[in-house]
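Please look over the structure below before reading on. The briefing then goes through it topic by topic.

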Amino acid sequence: MLEFSLYQYLNSQTEITNIVGTMIFPLVIPQAKKNFTPTYPAITFNLIDDVPIYDLSGYVGMTRARVQIDYWSDVSNKAVVNLADVVRLKLQSYRGDMSGTNVSNCRLIDSHTTYQPPIDGSDNWIYRKQSDYMFSYFL
């Protein structure tokens with residue numbers, strides 16, 4: 001459920017969509033097809049784990065989820081860093097209703113940059129930043 005809420009939330013934030021348009025996807029950027037050609041910059045996200053929280057009396061009604069968000073650009077490393085900062089400002093310490101999910105807290109727990117070298121002999125690199133967020137939410 002968190003994945004759907006996060007997808008809706010990211011797509012509802014004009015500061016994010018002004019940069020990526022509709023290029024926000026769960027898991028991977030789709031391959032080109034008849035009526036779709038992927039473009040950069042883009043965002044992908046993946047639910048790494050989703051664990052119910054228990055105490056001695058049982059399930060407490062809260063779940064903790066780790067979500068990896070990847071930012072992609074074919075322009076520069078600076079472009080992915082800037083995009084990641086825009087998303088971080090929208091998610092860091094988020095509390096409240098996130099498109100149907102009651103989020104208690106969201107925090108950035110890890111982040112690093114990487115790249116994919118060109119495979120065609122060109123100088124067209126793909127730049128990527130990965131950020132892991134920990135969400136605590138109620139079902």
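What follows covers the fold, the confidence, the core, the salt bridges and the surface.

This is a predicted model. The mean pLDDT of the protein is 94, and 100% of its residues reach 70 or more. The secondary structure comes to 3 helices and 6 strands.

**Fold and overall figures**

- Along the sequence, the elements follow the pattern α-α-β-β-β-α-β-β-β.
- The C-alpha trace spans about 60 × 30 × 25 Å along its principal axes.
- The protein has 139 residues, and 36% of them count as buried.
- Among contacts with a separation of 6 or more, 58% are made by residues 24 or more positions apart.

**Confidence**

- Among the elements, α2 has the highest mean pLDDT, at 98.
- The lowest mean pLDDT of an element is 95, and it belongs to β5.

**Nonpolar core**

- In soluble globular proteins, nonpolar side chains tend to be buried together.
- Here the largest nonpolar core holds 31 residues.
- The members that touch the most other members are Leu6, Ile43, Ile69, Tyr71, Val87, Leu91 and Phe135.
- Helices and strands both contribute: α1 (2-12), α2 (14-20), α3 (77-91), β1 (24-26), β2, β3 (58-73), β5 (101-116) and β6 (126-138) each supply at least two residues of this core.
- Leu6 shows how such a member is packed. Residues up to four places away in sequence aside, Leu6 touches Phe45, Val67, Ile69, Leu91, Met98 and Phe135.
- Three of these partners, Ile69, Leu91 and Phe135, are also listed with Leu6 among the members that touch the most others.

**Salt bridges**

- Side chains of opposite charge can pair when their charged atoms come close.
- The count comes to 4 salt bridges, taking a cut-off of 4 Å between nitrogen and carboxyl oxygen.
- Glu15 is partly exposed, with a relative accessible area of 40%. Lys90 is also partly exposed, with 23%.
- Asp132 is in strand β6 and Arg66 in strand β3, so the link joins parts 66 residues apart in sequence.
- Asp132 counts as buried because its relative accessibility is 10%, under the 20% limit. Arg66, at 26%, counts as partly exposed.

**Surface**

- The protein exposes about 8000 Å², and carbon and sulfur atoms supply 52% of this area.
- Tyr54, Tyr59 and Leu139 make a nonpolar surface patch of about 380 Å².
- Tyr54 is found in strand β2 (residues 42-55).
- Why does Tyr54 count as exposed? Its relative accessibility is 55%, and the limit for exposed is over 50%.

Key
Residues numbered from 1 in each chain as written. Predicted model: local features only at pLDDT ≥ 70, side-chain atom pairs only at ≥ 80, totals over all residues. Heavy atoms only, no water. Patch = residues over 30% accessible without salt bridge, like charges linked within 9 Å, V, L, I, M, F, W, Y side chains within 5 Å. Areas by Shrake-Rupley, 256 points an atom, 1.4 Å probe, with all protein chains shown as cover. Salt bridge = Lys/Arg side-chain N within 4 Å of Asp/Glu carboxyl O. Helix = DSSP H or I, 4+ residues; strand = E, 2+ residues; numbered from the N terminus. Buried < 20%, exposed > 50% of the residue type's maximum accessible area, 1.4 Å probe, protein only. Core = buried A, V, L, I, M, F, W, Y, C linked by side-chain atoms within 4.5 Å. Contact = heavy atoms within 4.5 Å. pLDDT = per-residue confidence, 0-100.
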